[in-house]
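Dear colleague,

Please find below the structure that I am handing over to you. My notes on what was found in it follow directly after.

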Amino acid sequence: MSKTNKAVRPKLAQEGFFGRLSYYSSRAVANLRQNVFVSAVTVGTIALALLIASLFLLVYVNLSGMAEGWSDKVQVTAYFDAEPAPLAVAALKGRVQAIPGTAKVLFVSQAEAEKRLRSRLKGQESLLEGISAEVLPASLEIRLDRDHRDNESVAAYVAKLKQIQGITEVQYGEEWVRRFNSFMNLFRLMGALLGGFLTITVLFIVSNTIKLTIYARKDELELLGLVGATRFFIKAPFLIEGVLQGAAGAVISLLALLGCYFAFLKNAGDFLGINPASAGLSFLPPSHLAGVVLGGVLLGFIGSATSLKRFINV
């Protein structure tokens, strides 16, 4: 049952678009004040539904960021049969850099390769007895940009790389790249399916909640129709109410999500044994925050518009 407060009904004080907008907005605010309990239930339902959707979005964004970080391990290594002269190294790096998809090129000399090998086998130096830098090949370590890390792009890149004179062998962990891209495709597909299902569920819950609140005020709609009020005159305040309730629900859901996020950061080390800072966890970027608020506004507007269709033909 809604709690009804007496409020002064606004009057149309100014003609024109802005005057009517101000009038309808004042009526919407007055209606919210008169139906505090029903409005609070609607805002709370929208906030809870958007909190669930935002939580899913936060998890998806962080998992996607971690997966993109793993893709940085996609590296192509080109080996030379003989170490090129210092002047030739710059020319070779330039030719590789000119291949589309190249993000970074690093030349590893035979001496540097030996130094790395000894560093990795530190404590087992006896295994390297009799091994000199000459037995290790010089190489180019190439990092690809993110648009060229799928299976086909890497294979095409390697084919172009092999055409450069002096390069005798190219390695890039073909099996790892294939499995990683398969995982990313499955991850995106699951994200899209779950996100779509969640969006439909949220729209259904919010629409029906608003429909119930409007049904509770059907006497008001019928009375306005009987005195000859136009459809737009009846609809406008309810639509503005829906927008205000959706925006308020979105802001509350984001504040709740922010509280959950900081609570998780504070306690993650205790019950998960991880350092959130080193794990690279982050909150939603500004574009996603704006998307959630816009989504709340649209939910309120669409929920009100669809619900009014049933009662507006009075």
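I begin with Thr102, a residue of strand β2, which spans residues 102-108. Please bear in mind throughout that this is a predicted model. Thr102 counts as buried because its relative accessibility is 12%, below the 20% limit for that class. Its side chain reaches the backbone oxygen of Ile99 at 2.9 Å. The side chain of Thr102 also makes a polar contact of 2.5 Å with the side chain of Tyr157. Leaving aside residues up to four places away in sequence, Thr102 touches Val96, Gln97, Ile142, Arg143, Asp145 and Tyr157.

Next, the salt bridges. A search of the whole structure finds three of them.

- Arg116 and Glu112 meet through their side chains at 3.5 Å, N to O. Both lie in helix α4 (residues 110-120), four residues apart, or about one turn of the helix. Arg116 is partly exposed at 25% relative accessibility, and Glu112 is partly exposed at 31%.
- Glu114 pairs with Arg118, with the closest N and O atoms 3.2 Å apart. These two are separated by about one helical turn because they stand four residues apart in helix α4. Arg118 is partly exposed, with a relative accessibility of 34%.
- Glu141 forms a salt bridge with Arg116, the closest N and O atoms being 2.5 Å apart. This pair links distant parts of the chain, since Glu141 belongs to strand β3 (residues 139-144) and Arg116 to helix α4, 25 residues apart. Glu141 is buried, with a relative accessible area of 17%. Through shared partners, salt bridges join Glu112, Arg116 and Glu141 into one network.

The surface also carries a nonpolar patch formed by Leu55, Val59, Leu63, Met66, Trp70, Trp176 and Phe183, with about 640 Å² of accessible area together. The elements giving two or more residues to this patch are α2 (36-71) and α6 (174-215). Helix α2 supplies the largest share, five residues. Met66, which lies in helix α2, counts as partly exposed at 32% relative accessibility.

Finally, a point from the records. An unreviewed UniProt entry lists residues 36-61, 186-207, 238-264 and 288-308 under "transmembrane region". In the model, residues 186-207 are 100% helix and 0% strand, with the end C-alpha atoms 31 Å apart. Residues 288-308 are likewise 100% helix and 0% strand, and their end C-alpha atoms are 30 Å apart.

With kind regards

Terms used. Residues numbered from 1 in each chain as written. Predicted model: local features only at pLDDT ≥ 70, side-chain atom pairs only at ≥ 80, totals over all residues. Heavy atoms only, no water. Buried < 20%, exposed > 50% of the residue type's maximum accessible area, 1.4 Å probe, protein only. Polar contact = N/O pair within 3.5 Å; in protein donor to acceptor, adjacent residues only side chain to side chain. Contact = heavy atoms within 4.5 Å. Patch = residues over 30% accessible without salt bridge, like charges linked within 9 Å, V, L, I, M, F, W, Y side chains within 5 Å. Areas by Shrake-Rupley, 256 points an atom, 1.4 Å probe, with all protein chains shown as cover. Salt bridge = Lys/Arg side-chain N within 4 Å of Asp/Glu carboxyl O. UniProt positions renumbered as here; feature names shortened; annotations may be inferred.
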